[in-house]
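Open the model in your viewer and keep the selection tool at hand. Each stop below gives a selection and then what is there.

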Amino acid sequence: MASDESSLRALENLMTEFFHSCTTNERKREIEEVLNNFAQQTGAWRHCLFFLSNTRNEYVMMYSLTVFENLVNKMWIGLASQDKMEIRSCLPKLLLAQHKSVPYFIRNKLCKVIVDIGRQDWPMFYHDFFTSTLQLIQTPALAPLGLVMLKTTSEELACPREDLSVARKDELRKLLLEQVPTVLGLLTGKNYL
């Protein structure tokens, strides 16, 4: 198997070729097939985590985040608990490390993937999901990032997509409503409890 570094270079080349104006539609379909096959491999997320940490190529970052998004939204239930824990730990650290250096749309996509994990696992398996967002808001240098996370969380949890059970949707709505006084207090500097 190729090293992560050589895989990253190959992916960067593929993505650059895919988006080049001279690339034919047939070649684009071939590249798409290669990318889709890679994304379906067990453990592809580990490579994507390396890619996200080691590239400045926006196409590679977006592709890697899309692999994570599909993993969380379509395969999360069947993923090993240890892998879930590692992802829940690594993605927020990556966000904190790179939120100022990546384009806003990459930052927002990473926030969305983290919120998608919260949508699946909070509070039972992702205890600190919401409190981490609140901590970001309370840290002046990270408050803008915290507000992006809060906005994404409120959008995704208040009206979750149809892929969740009615019971889980109700649970998320209830959990989010319980946080409203705390959030209002943080945003206004007043205590609403």
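The tour of this predicted model visits salt bridges, then a helix residue and a surface patch.

**Salt bridges.** The count comes to 20 salt bridges. Start by selecting Arg27 and Glu17, whose closest N and O atoms are 2.6 Å apart in a salt bridge. Arg27 sits in helix H2 (residues 25–40) and Glu17 in helix H1 (residues 4–19), so the pair ties together parts ten residues apart in sequence. Arg27 is partly exposed at 28% relative accessible area, and Glu17 is partly exposed at 28%.

Next, select Arg46 and Glu86, which meet in a salt bridge at 2.9 Å, N to O. Helix H3 (residues 44–54) holds Arg46 and helix H5 (residues 81–98) holds Glu86, so this pair ties together parts 40 residues apart in sequence.

Now select Arg88 and Asp121: their side chains form a salt bridge at 2.4 Å, N to O. The pair links helix H5 to helix H6 (residues 104–121), 33 residues apart. Are these two residues buried or exposed? Arg88 counts as buried because its relative accessibility is 12%, under the 20% cut-off; Asp121, at 5%, is buried as well.

For a network of salt bridges, select Glu69, Lys109, Lys112, Asp116, Arg119, Glu156, Arg161 and Asp163.

**Helix H7.** Select Thr131, in helix H7 (residues 129–138). Its side chain reaches the backbone oxygen of Asp128 at 3.2 Å. Thr131 is partly exposed at 41%. From Thr131 to Asp121 the C-alpha distance is 14 Å.

**Surface patch.** Finally, select Leu177, Val180 and Leu184, which make a nonpolar surface patch of about 250 Å². Val180 belongs to helix H9 (residues 166–188) and is partly exposed at 35%.

Note on methods
Residues are numbered from 1 along each chain as its sequence is written. This is a predicted model: local features need pLDDT of at least 70, side-chain atom pairs count only at pLDDT 80 or more; totals for chains, interfaces and linings use all residues. Side-chain values use heavy atoms; hydrogens and water are left out. Helices (H or I, at least four residues) and strands (E, at least two) are DSSP runs, numbered from the N terminus. Buried means under 20% relative accessible area, exposed over 50%, partly exposed in between (1.4 Å probe, protein chains only). A polar contact is a pair of N or O atoms within 3.5 Å; within protein, one must be able to donate a hydrogen and the other to accept it, and residues adjacent in sequence count only if both atoms are side-chain atoms. Patches are made of residues with over 30% relative accessible area and no salt bridge: like charges are joined within 9 Å, nonpolar side chains (Val, Leu, Ile, Met, Phe, Trp, Tyr) within 5 Å. Accessible areas come from the Shrake-Rupley method with a 1.4 Å probe; for residues, only the protein chains shown count as cover. A salt bridge is a side-chain nitrogen of Lys or Arg within 4 Å of a carboxyl oxygen of Asp or Glu.
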